[in-house]
Amino acid sequence: MIANIRSGKETAGLIRYLFDTKRAKDHTDPHLVASWDGFAPDPGRSEDVDATRNLLVADLDLHVKQATQLGRAPDRHVWHCSVRAAPKDRILSDEEWADIARRIVVATGIAPEGDPDGCRWVAVRHAPDHIHIAATKVRRDLRTARHWNDYLTADRELATIEKEYGLRQVVRGDRTAAKRPTRAEQEKAHRQGQQKPARERLRSTVRTAVAAATSTEEFVHLLSHVDGVLVEVVYFPSGDVRGYKVACEDTTTADNKPVWFSGSELAPDLSFPKVRERLEAIDPQPTAQPGRRRPNPWHQATAAAERIPHRLDQADDEASQAHLAAFGEALDALPLIAPQPVRSQLREAATTFERATRSRIRADHHHARALRGAFRAMLRETAPRDGAALAMFLDAAILVVIAATRWHQLRHHDQQVAAAHQTLVHLQAAYDQLAASPLAALTQRRLPQQAVDRHILRIRQAVPDHAQQVLDDPSFDALATLLTDAETAGHDPERLFQQAVDQRALDDARHPARVLTWRIQRLSARPVPSARARAAQARSTAKLPSTPVPAATAVRVTPQPPQARRR
């Protein structure tokens with residue numbers, strides 16, 4: 001159920017609308033289902049509709065007129081709340097709607113329980129799926145009703161009603177969502193042939209600029225160079241930046257002036273102070289040392305993303321929220337560098353996940369300095385054309401979104417959970433498209449059966465709980481190929497595989513072989529340890545207590561045909 005609450009100045013106009021069946025064609029059988037005393041005149045059940053309607057208006061306005069004579073009536077004295085059931089809910093009876101109306105006026109403070117001086121109100125039903133509650137805000141003692149935060153209190157009551165009545169439980173927010181475009185903005189965009197209103201287009205543009213910038217100066221510079229976007233920086237008298245405004249060139253007022261939006265009007269986290277707070281929390285990436293190979297920014301960013309689920313498992317909610325915000329910035333910027341075929345999916349993923357980057361928990365952005373810096377370095381590095389680097393990052397990103405879903409669920413952030421679920425759909429579609437080619441290239445290479453058997457044994461020993469799932473994964477052949485290549489290059493495949501397993505549990509992975517394939521590819525790109533380093537590793541390993549291999553896994557693998565080698 002959803003409530004919509006607004007105020008007005010004229011009781012007669014609202015009552016006329018609620019009982020109108022001529023101009024409002026969707027109004028059928030309008031009638032009262034409840035009122036403040038149970039005896040209000042009902043125009044819908046009267047032979048003289050106009051006279052009864054005027055009598056009802058007079059009864060509702062009685063205390064308003066008395067307060068007006070004393071100069072105490074509020075200017076907007078009409079309180080109007082519509083309550084609508086979900087499309088798939090059952091049809092409620094008049095008695096059930098009456099109970100719902102009484103609970104709403106009690107919860108919102110219009111007519112508190114047991115208060116004989118409560119406001120006068122009526123509940124009108126003129127359609128099967130909703131009612132309208134019309135009230136006047138002046139109480140019998142001529143004081144104005146205390147109905148602050150009435151939308152929130154009504155929404156909480158509706159959540160309880162949904163459970164008690166067995167209705168669809170609507171996903172509810174926490175007042176941190178970005179403001180939706182108004183109906184006027186939507187209609188204007190439709191007339192102009194735009195798919196989205198200016199507010200939504202500007203929100204996406206500003207978020208992308210934040211994700212790509214490393215300072216507030218660069219943020220303003222990037223915004224000012226976007227085609228079709230106007231930017232105006234607002235300054236304090238001291239000369240310091242106070243804020244910014246943006247507008248679309250194709251959206252103007254009736255006198256051809258730009259329709260400006262401040263950052264906070266686009267989204268709560270796009271105000272200039274919030275943007276500056278994030279951009280000041282970016283660690284610079286280390287430069288390459290003479291004689292040493294520069295770390296791959298895509299590998300660094302992917303490794304940083306893989307650590308986010310572990311961060312979300314910690315007790316520091318402010319740090320967790322900061323990591324989700326930084327990850328959201330990475331998604332915002334990915335369409336800038338992604339291949340054309342997957343840009344629309346990645347853009348949808350970023351737009352959807354935006355809702356999951358905010359909650360009532362305040363993000364402590366300094367906890368995500370390194371993460372934000374790694375993502376910025378990745379954006380400045382051209383990705384290989386084969387799509388493998390981006391697919392590798394998306395594979396890690398999918399696990400991050402799964403972890404974010406669980407984190408929000410534990411804190412009852414319903415809208416954020418829904419947004420994360422939808423983000424997974426778009427990320428998975430983009431990943432499947434990108435990963436197909438590089439994985440197919442690895443899978444097509446045929447390995448000697450002896451090498452395959454060695455890898456199967458390693459997998460059964462390293463991840464006994466997931467071994468069969470890894471071996472049954474269609475990407476197993478690609479994983480085996482990478483392990484063989486790493487061994488040929490001088491890496492210790494057993495140690496490499498163990499490192500890949502230890503980076504993150506595989507419980508959330510739908511395709512564990514894919515996850516391990518990308519991790520092996522990233523780890524094997526590192527320089528091969530020198531003989532001295534390998535000797536040191538061997539000595540450190542020898543000092544550790546040995547763990548016997550379970551008998552179930554210490555089996556001799558006999559050569560099998562390729563079709564049955566994983567069974």
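In this predicted model, Arg 514 counts as buried, with a relative accessibility of 18%. The cut-off explains the label, because buried means under 20% relative accessible area. Its salt-bridge partner is Asp 432, and the closest N and O atoms of the two are 3.3 Å apart. Asp 432 has a relative accessibility of 36% and therefore counts as partly exposed. Where do Arg 514 and Asp 432 lie? Arg 514 belongs to helix H22 (residues 512-524), whereas Asp 432 belongs to helix H17 (residues 414-443), so this pair ties together parts that are 82 residues apart in sequence.

Across the whole structure, a search finds 34 salt bridges. One of them links Arg 362 to Glu 277, with 3.2 Å between the closest N and O atoms. Arg 362 sits in the loop between helix H14 (340-353) and helix H15 (369-379), while Glu 277 sits in helix H10 (residues 272-279), so parts 85 residues apart in sequence are tied together by the pair. Is Arg 362 buried or exposed? Arg 362 is exposed, its relative accessible area being 55%. Glu 277, at 24% relative accessibility, counts as partly exposed.

A further salt bridge is formed by Arg 90 and Glu 96, whose closest N and O atoms are 3.0 Å apart. Here Arg 90 is partly exposed, with a relative accessible area of 40%, and Glu 96 is buried, with a value of 18%.

Attention now turns to helix packing. Two packed helices are described by the angle between their axes and the distance between the axes. The axes of helix H1 (residues 11-18) and helix H2 (residues 49-60) come within 10 Å and cross at roughly 140 degrees. H1 and H2 are therefore oblique to each other, because only angles over 145 degrees would count as roughly antiparallel. The crossing of these two helices, H1 and H2, is right-handed. Which residues make the contact? H1 contributes Thr 11, Ala 12, Ile 15 and Arg 16, and H2 contributes Arg 53, Leu 56, Val 57 and Leu 60.

Note on methods
Residues are numbered from 1 along each chain as its sequence is written. This is a predicted model: local features need pLDDT of at least 70, side-chain atom pairs count only at pLDDT 80 or more; totals for chains, interfaces and linings use all residues. Side-chain values use heavy atoms; hydrogens and water are left out. Axes are lines fitted to C-alpha atoms, for helices over the stretch in contact, and angles run from 0 to 180 degrees between N-to-C directions. Helices (H or I, at least four residues) and strands (E, at least two) are DSSP runs, numbered from the N terminus. Angles under 35 degrees count as roughly parallel, over 145 as roughly antiparallel, 65 to 115 as roughly perpendicular and the rest as oblique. A crossing is left-handed if the near helix is turned anticlockwise from the far one by less than a right angle, and right-handed if clockwise. Contact means heavy atoms within 4.5 Å. A salt bridge is a side-chain nitrogen of Lys or Arg within 4 Å of a carboxyl oxygen of Asp or Glu. Buried means under 20% relative accessible area, exposed over 50%, partly exposed in between (1.4 Å probe, protein chains only).
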